[in-house]
Amino acid sequence: MPTTTGAEAAAGHDTYDVIVLGAGPTGENVADRAHALGLSVVIVESELVGGECSYWACMPSKALLRPVTARADAQRVPGLRHAAAAPLDAKAVLAHRDAFASHWKDDGQVRWLDSAGIDFVRGRARLDGPRRVVVATGGGERALTARHAVAVCTGSRAVLPDLPGLAAARPWTSREATSAQSVPPRLVVVGGGVVGVEMATAWRALGSAVTVLVRGGGLLPKMEPFAGELVAEALTEAGAVVRTGVSVSAVRREMPNGPATVVLDDGEEIVADEVLFATGRAPRTDDLGLETVGLEPGSWLEVDDTCRVRDVADGWLYAAGDVNHRALLTHQGKYQARVAGAAIAARAKGEASLDTGRWGAHAATADTAAVPQVVFTDPEVASVGPTAAEAERAGYRTRVVDYDLGNVAGAGLYADGYRGRARMVVDLDREVLLGVTFVGPAVGELLHSATVAVAGEVPLNRLWHAVPAYPTISEVWLRLLETYRG
């Protein structure tokens, strides 16, 4: 519970050691870590406790995709191929998704906060000068003051381009794509990043006629080129249309419940029942009161490796998760939260120095050296660390080692005609791994071993002693190392 002075109580103020803005996974972890280290904490949320990930991103999207990949895997196994040939039961899949999104109710998450001893205020928060937050609640305003830190964990939102007719056409963003209650007969997906390819995969398997429109030359442009190529091949084989090098100039929907028309730069028109724009994210800082502490409203918050916001006097403001633009992934936000919570507590207790060196307890080093990500398409894409091109641009002397995953015995057992690829990027000067990418069915479960190798900077000669079990897909590690040694 918070403690207040008499003057503060008279003024209607609540004082805590730490105020956390945003109760998604990042905010929850900052609050939990700081509270576990002995600080009083309050968390403020304007929507649902659990945040974007729980209700409109990670959980519902993966609940939609799991039946898709399970069915695809079954179709590649003798004895199951014909049994798995029937279409997916869309109603059952959507109900499964609804359950994983807790039917868009946060009762369970609120109970967890209470059980953890973290106070909760539901309302819209704004900074009101140093260490002060004003929350607009259903019953008026509530003023909160932080003794030590305010942590901004408000996440990001989908960005829509400024196109003629788009707002009136009511396009889908990632939120509508993951929460829709029926399958659109025709769906146009604009954008070839992670959200675009995952939702194209899900809705195509559920029965939509899907067209993917990409301005650039391929899908998943931030990953190794072969990742986007293999995903594009699979989408095409599944019946989707993937078009690259095209731009949308306008969208119109003439009747509220009628079809939408997507107009391309060359004048071509594509008619669809829904149009998903998956074209980027922006920080949720527009109406956060940043101007009261000398920062630009609507901006990403630049932080140091302890997640403390730069250029704020006295160092009381922190930002973790999407809002700091370091790595827009739920697991990275939770990682940053653990680092930030520990740093806040250490500074609150007056510790003379923090462990902020590379891989230190108070440094989010993985944000720049070992970010893991899985794209839950069919085939899956899993990567950690920089791509070969990124490593080269960073000035490393590297060697790239590729291997056909289909040649691994475990992959052949997993699925007939298994198609996939593995790549490791080696730092030749230190003989450690900089980055690893896998593409193929079920490769997401290979990723943590790669993450350990990259984050641990494990020498390649030691990796030889990490023996993969036979016959598993993990034997690709042995094949990669053999290829490296020649």
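Guide: Take Leu-220 to begin with; Leu-220 sits in the loop between β9 (209-214) and α9 (225-237). Helices (H or I, at least four residues) and strands (E, at least two) are DSSP runs, numbered from the N terminus. The model is predicted: local features need pLDDT of at least 70, side-chain atom pairs count only at pLDDT 80 or more, and totals for chains, interfaces and linings use all residues. Residues are numbered from 1 along each chain as its sequence is written, and side-chain values use heavy atoms, with hydrogens and water left out.

Visitor: Why is Leu-220 called buried?

Guide: Buried means under 20% relative accessible area, exposed over 50%, partly exposed in between (1.4 Å probe, protein chains only). Leu-220 has 3%, so Leu-220 is buried.

Visitor: Why is Asp-314 called exposed?

Guide: Asp-314 has 65% relative accessibility, so Asp-314 counts as exposed. Asp-314 lies in the loop between β15 (281-283) and β16 (317-319). Phi of Asp-314 is also positive, near 75°, in a residue other than glycine.

Visitor: Where are cis peptide bonds found, and what is omega?

Guide: One joins Asp-378 and Pro-379, with omega about 10°. Pro-379 is in the loop between β17 (372-375) and β18 (380-384). Another joins Tyr-470 and Pro-471, with omega about -5°. Pro-471 is in the loop between α15 (460-463) and α16 (476-485).

Visitor: How do you know that the span of α10 is close to the expected one?

Guide: The expected span is 1.5 Å times one less than the number of residues. Helix α10 (residues 330-348) has 19 residues, with 27 Å expected. From first C-alpha to last, α10 reaches 26 Å. Gly-350 follows α10, with a positive phi near 75°.

Visitor: What makes a set of residues a nonpolar core?

Guide: A nonpolar core is a set of buried Ala, Val, Leu, Ile, Met, Phe, Trp, Tyr and Cys residues joined through side-chain atoms within 4.5 Å. The largest here has 36 residues; Leu-405, Met-424, Leu-433, Val-436, Phe-438 and Val-476 touch the most other members. Among the elements that each supply at least two residues of this core are α10, β18, β20 (421-427) and β21 (432-440). Helix α16 gives the most, with 5 residues. Apart from this core lies another, of 35 residues, among them Val-68, Ala-202, Trp-203 and Ala-227.

Visitor: How do you know that the buried residues of α14 are on the same side?

Guide: The buried residues of α14 are Leu-447, Ala-450, Thr-451, Ala-453 and Val-454. They cover an arc of only 165° around the axis (taken from the directions from the helix axis to the C-beta atoms), so they are on the same side of α14. These residues pack, in contact (heavy atoms within 4.5 Å), against α11 (366-369), β17, β18, β21, α15 and α16. Just after α14, Glu-457 has a positive phi of about 50°.

Visitor: How many disulfides does the rule give?

Guide: A disulfide is a pair of cysteine sulfur atoms within 2.5 Å. By this rule the count is 0.

Visitor: Which label does Cys-53 get, and which does Cys-58 get, buried or partly exposed?

Guide: Cys-53 has 12% relative accessible area, so Cys-53 is buried. Cys-58 has 24%, so Cys-58 is partly exposed.
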